[in-house]
Amino acid sequence: MTSTNKSFTAACAVISAEKSENYLWVLQRIKSMLAGCMEPRVILTDRDFALMNACEQVFPKAHKYLCRFHIQQNINKNSKRKFSDKEWKEFVRTFWTLCESTTEEIYMYNLENFEAQLKEADREQVYDYMKKSWLDPYREKFVSCWINQTINFRQTTTNRVESMHATLKSHFPSHRNTLDKLVLYVDHVVAKQYAEIRSTFETSLRKVMTHHKKQPMLAYILRKVSIYAIELLSIELKRKEDGLRAYGASCGCQLFTSCGLPCACRLEKLENKGSFHTCRAWRFLSNASPKPTMDSEQNRARSRLAYIIQGSDRHVRNAYVSCPRP
């Protein structure tokens, strides 16, 4: 994601099967394109063991987390039929409260409530399933107090990838496409992403939200940091006033550890200093620098594709030459 909360495609792959060797090949190709400093620090997946193992082999230093949406889907399949609609909504609400626990102490408190709720309703089997299948083996891969100890920009699901995959597929006129046509469709989607991202950069450099003007601390970063980041800080400033100052609540520092932005307790300390710093990622609003990088990668991809096509038979070469740009 960008500093303005827009998604972009880093790589696309066509594989014949979702097996360990296929995932390894894709991830190794991605790693070969990246400098060491650009390798992913956080990877989100569903509980596909072949994919999880491949990620561990290729990117051993990255933190591996599980998608909450896919966890919820698995729980739905296993347990939803055992609840009424009203009971299910309450169960889901309690589970998400557990997922959002900001400290280990709060997690244990929420877990006790979760257990009591299920046992009181005579659903110990559901609780046992949750404990054995998700909470005991994987809680450190999806509960906030653990996953927010690393910079993840509050990404807890693979929904961005699922959405981009659906967008890409919507550009395919049919299920039968040649590789050269697929490359052109991907090129079209990436070009559209770039235009949208550049537009959001320009908006952040030009526009100021009315309610941000009313918070004096934000004056130092208006038009210097993305509007999305400023909105996160605006919400945190309100939490500082409503929670920390009014009720003496603990901060939890989730915004700082997961996003690199000053959290409520840090904003309290910085209030009289007149300025504060944010993670460099939120200050990246350049309109110029991404373009050469994207163009060079597109040209490199086209050169490699032309090389592959050159070695193919006459029919494939003709299809590549005559294929219209989407």
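In α3, the residues R68, I71, Q72, I75, N76 and S79 meet W88, F91, V92, F95, W96 and C99 of α4, where contact means heavy atoms within 4.5 Å. This is a predicted model, with local features needing pLDDT of at least 70, side-chain atom pairs counting only at pLDDT 80 or more, and totals for chains, interfaces and linings using all residues. Residues are numbered from 1 along each chain as its sequence is written, and side-chain values use heavy atoms, leaving out hydrogens and water.

The axes of α3 (residues 68–79) and α4 (residues 85–99) come within 12 Å and cross at roughly 145°. Axes are lines fitted to C-alpha atoms, for helices over the stretch in contact, with angles from 0 to 180 degrees between N-to-C directions. Helices are DSSP runs (H or I, at least four residues), numbered from the N terminus.

Now to the spaces inside the model. On a 1 Å grid over the protein atoms alone, a cavity is a set of points where a 1.4 Å probe fits but cannot get out, while a pocket is an open set with protein on both sides within 12 Å along at least five of seven lines; lining residues have an atom within 4 Å of a point. Volumes are the space filled by probe spheres set on the points, which are joined across faces, edges and corners.

| Space | Volume |
|---|---|
| Largest cavity | about 40 Å³ |
| Second largest pocket | about 280 Å³ |

Among the residues lining the largest cavity are S204, H212 and I230. Domain 1 (1–66 + 153–281 + 305–325) and domain 2 (68–141) both give residues to the lining of the second largest pocket, so this pocket lies between them; the domain bounds come from an automatic or database domain assignment.

Methods. Helices (H or I, at least four residues) and strands (E, at least two) are DSSP runs, numbered from the N terminus.
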